[in-house]
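Subject: Structure handover

Hello,

Here is the structure I promised to pass on. Please open it and keep it beside this email as you read.

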Amino acid sequence: MSEITSEQTAAREITAAAGAGPTSAAEPRGRGQTVLLAAGVILLALNLRPLVVAVSPLVSTIRADTGMSAPTAGLLTTLPVLCFGLLAPLAPRLGRAVGIEPALLITMVMIGAGAAVRLLPPLPALLAGTVLIGAGIALANVLIPSVIKRDFPNRVGMMTGLYTMTLSGGPAIAAGLTVPLAQVTGWGWRPVLASWGLLAGLAIVVWLPQARRHTRVRAAEARAAAHPVRGLWRNPLAWAVTSYMGLQSLSFYAAAAWLPTLLATAGLSKAAAGGMLALSSLVSIAGAFIAPTLAGRGVRPGLLVVVGTVSSAAGFVGVLVSPASGAYVWMSLLGIGTGMAISLALLFIVQRAPDIRHAAQLSSMAQCFGYILAGIGPFVLGAVHDATGGWTIPLLLMIALLVPQATAGIIAAKDRHVTSTPTP
């Protein structure tokens with residue numbers, strides 16, 4: 001009983017920090033309501049990656065149609081990731097202002113509207129729609145875990161697992177089906193991209209009942225959340241966690257943005273190249289599951305960092321040496337490496353924090369700076385490709401960045417806590 005009480009208390013603290021009200025945890029739900037809530041959460045999560053990743057298999061088509069340069073095309077993946085970092089701090093304010101359920105409804109409207117804006121012909125509309133999508137995802141990234149903590153206090157592990165699998169499965173579906181969808185329907189790249197916005201419409205319909213049963217966060221909880229700890233920015237361990245989060249995200253988004261184009265250049269069809277990205281996303285589910293499971297069974301997290309890094313390095317080297325013939329193997333290795341890295345990055349945020357308040361602040365720091373760093377990746381990779389006229393230097397750059405990633409991960413894996421100065 002005390003264990004459950006402790007979990008519920010922690011859930012309320014995290015919910016307060018995210019700007020969410022405590023209503024659902026306090027109000028008993030019927031089985032049907034619980035199932036509907038879980039379905040809503042999964043549908044929300046399903047919208048957090050496809051509209052970003054679906055661009056990758058179509059980059060060459062988009063460039064041919066619009067005449068945009070490789071760095072500009074990289075912005076289609078870079079801009080959303082930058083939004084993840086820059087706009088994440090606004091999510092608690094939105095949650096406190098309107099309630100977490102209506103706030104999440106707003107994020108889905110933003111994502112759907114962004115998909116619709118990208119239908120418009122001008123190039124600025126394509127970029128503006130991309131920013132709107134990124135803003136909606138950034139806010140939902142912060143708010144959805146709070147719903148899981150608050151409304152599923154006895155099923156946090158199960159719901160977190162479903163949430164993580166959906167985050168990995170969404171990109172796999174988008175990467176694998178975008179080109180076949182264009183081929184089957186005969187649509188241009190704009191309608192194909194916009195069609196992924198239909199998932200946001202479905203999420204809105206399913207989430208509407210939740211948006212009607214909300215309350216705002218209690219005043220005492222809001223005041224408590226307004227007094228965070230200080231000093232993490234001067235803490236080397238906190239920066240190690242942040243650097244590992246950022247560098248592994250940079251590796252993932254840079255690969256997601258350009259590897260389909262690279263593989264298509266190497267001789268694969270556009271559909272097959274998109275399928276390779278889908279394969280990598282599917283395999284990453286296994287990597288994301290394996291790493292925290294082994295860590296929980298006593299395997300040293302630092303060793304897991306090294307294994308994940310070596311797997312990613314082997315994948316990049318394989319793509320460099322023989323991109324087409326061994327694509328299945330290389331993309332699978334990359335999937336395992338990136339899956340292990342993201343799960344370990346999230347694990348370190350929890351393990352290195354001594355309490356809930358530190359965890360919230362460390363998470364905010366890691367996501368804000370981490371995603372800003374990650375957002376640079378696709379743009380820089382595209383610029384280096386244009387400057388060198390090939391993919392050899394960009395791939396060597398990605399391999400070289402794995403060294404500081406592994407170093408930061410090994411430091412972050414050490415069994416100790418970040419320290420800070422609490423505000424009065």
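**The whole protein**

Keep in mind that this is a predicted model. The protein has 424 residues, and 54% of them are buried. It contains 19 helices and 2 strands. Contacts across the sequence are well represented. Take the contacts between residues at least 6 apart in sequence: 85% of these join residues at least 24 apart.

There are 0 disulfides in the structure. Cys-83 has 9% relative accessibility, so it counts as buried. Cys-368 has 15%, so it counts as buried too.

**How to read a helix pair**

Two packed helices are described by two things: the angle between their axes and the distance between the axes.

**Helices α15 and α17**

Find helix α15 at residues 270-296 and helix α17 at residues 327-351. Their axes come within 6 Å and cross at roughly 40°. How are the two helices oriented to each other? With that angle, α15 and α17 are oblique. The crossing is right-handed. The residues in this contact divide into 16 nonpolar and 8 polar, with no charged ones.

Now zoom in on one residue of α15, Ser-280. Is Ser-280 buried or exposed? Its relative accessible area is 10%, and the cut-off for buried is under 20%, so Ser-280 is buried. What does Ser-280 touch, leaving out residues up to four places away in sequence? It touches Met-331, Leu-334 and Gly-335.

**Helices α14 and α17**

Helix α17 also pairs with helix α14, which covers residues 236-265. Here the axes come within 9 Å and cross at roughly 155°. Angles over 145 degrees count as roughly antiparallel, so α14 and α17 are roughly antiparallel to each other. The crossing of α14 and α17 is left-handed.

Which residues meet? On the α14 side they are Val-241, Tyr-244, Met-245, Gln-248, Phe-252, Leu-259 and Leu-263. On the α17 side they include Ala-327, Met-331, Leu-334, Thr-338 and Ala-341. By class, the contact of α14 with α17 has 16 nonpolar and 2 polar residues, and no charged ones.

Two names come up again.

**Helices α3 and α12**

Next, go to helix α3 and to helix α12, residues 198-211. The axes of α3 and α12 come within 9 Å and cross at roughly 150°. That angle is over 145 degrees, so α3 is roughly antiparallel to α12. The crossing of α3 and α12 is left-handed.

From α3, the contact uses Gln-33, Leu-36, Leu-37, Ala-39, Gly-40, Val-41, Leu-43, Leu-44 and Leu-46. From α12, it uses Leu-199, Leu-202, Ala-203, Val-206, Trp-207, Pro-209 and Gln-210. In this contact 13 residues are nonpolar, 3 are polar and none is charged.

**Around helix α9**

Helix α9 covers residues 123-151, and Val-142 sits in it. Which residues does Val-142 contact, leaving aside neighbours within four places in sequence? They are Ala-88 and Ala-91. Is Pro-121 buried or exposed? At 61% relative accessibility Pro-121 counts as exposed, because the cut-off for exposed is over 50%. The C-alpha atoms of Pro-121 and Thr-66 are separated by 9.4 Å, and these residues are 55 apart along the chain.

Best wishes

How values were computed. Residues numbered from 1 in each chain as written. Predicted model: local features only at pLDDT ≥ 70, side-chain atom pairs only at ≥ 80, totals over all residues. Heavy atoms only, no water. Axes fitted to C-alpha atoms, helices over the stretch in contact; angles between N-to-C directions. Helix = DSSP H or I, 4+ residues; strand = E, 2+ residues; numbered from the N terminus. Parallel < 35°, antiparallel > 145°, perpendicular 65-115°, else oblique. Left-handed = near helix turned anticlockwise from the far one by under 90°. Nonpolar A, V, L, I, M, F, W, Y, C, P; charged D, E, K, R; others polar. Disulfide = S-S within 2.5 Å. Buried < 20%, exposed > 50% of the residue type's maximum accessible area, 1.4 Å probe, protein only. Contact = heavy atoms within 4.5 Å.
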